[in-house]
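Hi there,

Here is the structure I promised to pass on to you. Have a look at it first, and then read my notes below.

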Amino acid sequence: MAFRILFVCLGNICRSPLAEIALREETTRRGLDVQIDSAGTGDWHIGDPPDPRSIAVAARHGSDASLLRARQVQPDDFERFDWIIAMDRQNFADLQSLAPAQAKAELRLALDVIDQRKGEGVADPYHGDDAAFERTWAEVTAIAMAMADEIAAQTKG
Ligand code: 4NP
């Protein structure tokens, strides 16, 4: 069965949808059997496409984020996914509060996969400019690369 990964940020319109498509493209490129989704801890944007600036930064890098739709994280996500990846420390704390006592999913902080950035959060670009979205794209692609390395190592042999 495919390995299942859920990225979670606050609104599910900026950071986590970009992480979702970055990891989907990286794992597809490498032929890894991984299912990827994203969600928000908040409910403001349920059903919305990603922020136009998220769609734009993805398009500048040759990726299409326009078909994604925001949803809110649910307690049963802790049963449906192997990893739940919090984009920042507040998301991590909110997810800890939401997690059922016997959660299957392992809760992780996104940048922990990069040794030099352990413990850090991916900054929220929502109140920023296009440059902030470019920084988010650079961070989620670095995370996707490191995570794909880890998945490839785990699923080998
Ligand atoms: P995200 O960014 O958590 O990376 O999707 C945000 C999007 C929307 C809001 C906050 C952060 N908001 O307050 O609506």
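A polar contact is a pair of N or O atoms within 3.5 Å. Please keep in mind that this is a predicted model.

For Asp-124, an N or O atom of the side chain is 3.1 Å from a ligand oxygen. On its own the ligand would expose 350 Å², and the protein buries 89% of that.

Which residues surround the ligand? They are Cys-9, Leu-10, Gly-11, Asn-12, Ile-13, Cys-14, Arg-15, His-45, Asp-124 and Tyr-126. Sorted by class, this shell holds five nonpolar, three polar and two charged residues.

Now zoom out to the whole protein. You can trace five helices and four strands, in the order β-α-β-α-α-β-α-β-α from the N terminus. The radius of gyration is 14 Å, close to the 15 Å that the globule rule gives for 157 residues, so the protein is as compact as a globular protein of that length. Its C-alpha trace spans about 40 × 35 × 30 Å along the principal axes.

How much of the protein is buried? Of its 157 residues, 47% count as buried. The accessible surface comes to about 7,700 Å², with 51% of it belonging to carbon and sulfur atoms. Finally, among contacts between residues at least 6 apart in sequence, 70% join residues at least 24 apart.

Enjoy exploring!

Best wishes

Note on methods:
Residues numbered from 1 in each chain as written. Predicted model: local features only at pLDDT ≥ 70, side-chain atom pairs only at ≥ 80, totals over all residues. Heavy atoms only, no water. Near = heavy atom within 4 Å. Polar contact = N/O pair within 3.5 Å; in protein donor to acceptor, adjacent residues only side chain to side chain. Areas by Shrake-Rupley, 256 points an atom, 1.4 Å probe, with all protein chains shown as cover. Nonpolar A, V, L, I, M, F, W, Y, C, P; charged D, E, K, R; others polar. Helix = DSSP H or I, 4+ residues; strand = E, 2+ residues; numbered from the N terminus. Rg over C-alpha atoms; globule rule 2.2 N^0.38 Å. Buried < 20%, exposed > 50% of the residue type's maximum accessible area, 1.4 Å probe, protein only. Contact = heavy atoms within 4.5 Å.
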